[in-house]
Amino acid sequence: IGNITKGCPAIVTCLEHGNHLLETGDLVSFDEIQGMDALNGTNHRITVISPMAFSIEYDTSCLPPYLRGGVATQIKTKEHTNFLSLHDSLAMPEFNDFSKPEQP
């Protein structure tokens, strides 16, 4: 982490030449932050702003200023996916034409 702004939402910026590779909706955990110590050990859903910055819905305006350091770690969450059985899929096939992006 290169910087965290004071405000709501708080903007988290990566170090120079460090892309975060995260996506909007990802869950991250913060550790080793100096200054805004209250963020350490907390988890937040993010909104991507750029390849080097994201925001968290957390009011940091009442926290001490960010000093240095910190690591944001992506937390993988379970996602349940349901599929039709092979028998049902064969009985009612569904075809998607991926050459036409306007179709669902």
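Strands in these legends are DSSP runs (E, at least two residues), numbered from the N terminus, and the place of Leu21 is given in those terms, as the loop between strand 2 and strand 3. The model shown is predicted.

Figure 1. Six strands form an open sheet in the order 1-2-5-4-3-6, and their pairing is antiparallel. The edge strands, strand 1 (3-4) and strand 6 (71-75), each pair on one side only. Strand 1 is joined by 2 bridges to strand 2 (residues 10-13), and the two run antiparallel. Ile4 has Val12 of strand 2 standing opposite.

**Figure 2. The cis peptide bond between Cys8 and Pro9.** The peptide bond that joins Cys8 and Pro9 is cis, with omega at about 5 degrees. Pro9 belongs to the loop between strand 1 and strand 2.

Figure 3. Of the 5 residues of strand 3 (residues 27-31), 4 are buried, so the strand is largely enclosed by the rest of the structure. Strand 3 pairs with strand 4 (residues 43-50) in the antiparallel sense over 3 bridges. Strand 3 is also joined to strand 6 by 5 bridges, and these strands run antiparallel. Val28 shows both pairings: His44 of strand 4 stands opposite Val28, and Gln74 is the bridge partner of Val28 in strand 6.

**Figure 4. The surroundings of His20.** His20 sits in the loop between strand 2 and strand 3. Its relative accessibility is 14%, below the 20% limit, so His20 counts as buried. A polar atom of the His20 side chain lies 2.7 Å from the backbone oxygen of Ser50. The His20 side chain also reaches the backbone oxygen of Ala53, at 3.3 Å. When residues up to four places away in sequence are not counted, His20 touches Cys14, Val48, Ser50, Pro51, Met52, Ala53 and Phe54.

**Figure 5. Asp26, buried without a salt bridge.** Asp26 is placed in the loop between strand 2 and strand 3. Asp26 is buried but has no salt bridge, and the nearest side chain of opposite charge, that of Arg45, is 6.2 Å away. The side chain of Asp26 does reach the backbone nitrogen of Glu23, at 2.8 Å. A polar contact of 3.1 Å links the side chains of Asp26 and Gln74. With neighbours within four places in sequence left aside, Asp26 is in contact with His44, Arg45, Ile46 and Gln74.

Figure 6. Leu21, in the loop between strand 2 and strand 3, has a phi near 60 degrees, a positive value in a residue other than glycine. The relative accessible area of Leu21 is 74%, over the 50% limit, so this residue is exposed. Glu32 lies in the loop between strand 3 and strand 4. Phi of Glu32 is near 65 degrees, again a positive value in a residue other than glycine. Glu32 is exposed, with a relative accessible area of 59%. The two residues are shown because most residues other than glycine have a negative phi.

Notes
Residues are numbered from 1 along each chain as its sequence is written. This is a predicted model: local features need pLDDT of at least 70, side-chain atom pairs count only at pLDDT 80 or more; totals for chains, interfaces and linings use all residues. Side-chain values use heavy atoms; hydrogens and water are left out. Two strands pair if DSSP finds at least two bridges between them. Buried means under 20% relative accessible area, exposed over 50%, partly exposed in between (1.4 Å probe, protein chains only). A polar contact is a pair of N or O atoms within 3.5 Å; within protein, one must be able to donate a hydrogen and the other to accept it, and residues adjacent in sequence count only if both atoms are side-chain atoms. Contact means heavy atoms within 4.5 Å. Lys and Arg count as positive and Asp and Glu as negative; His and the chain ends are not counted. A salt bridge is a side-chain nitrogen of Lys or Arg within 4 Å of a carboxyl oxygen of Asp or Glu.
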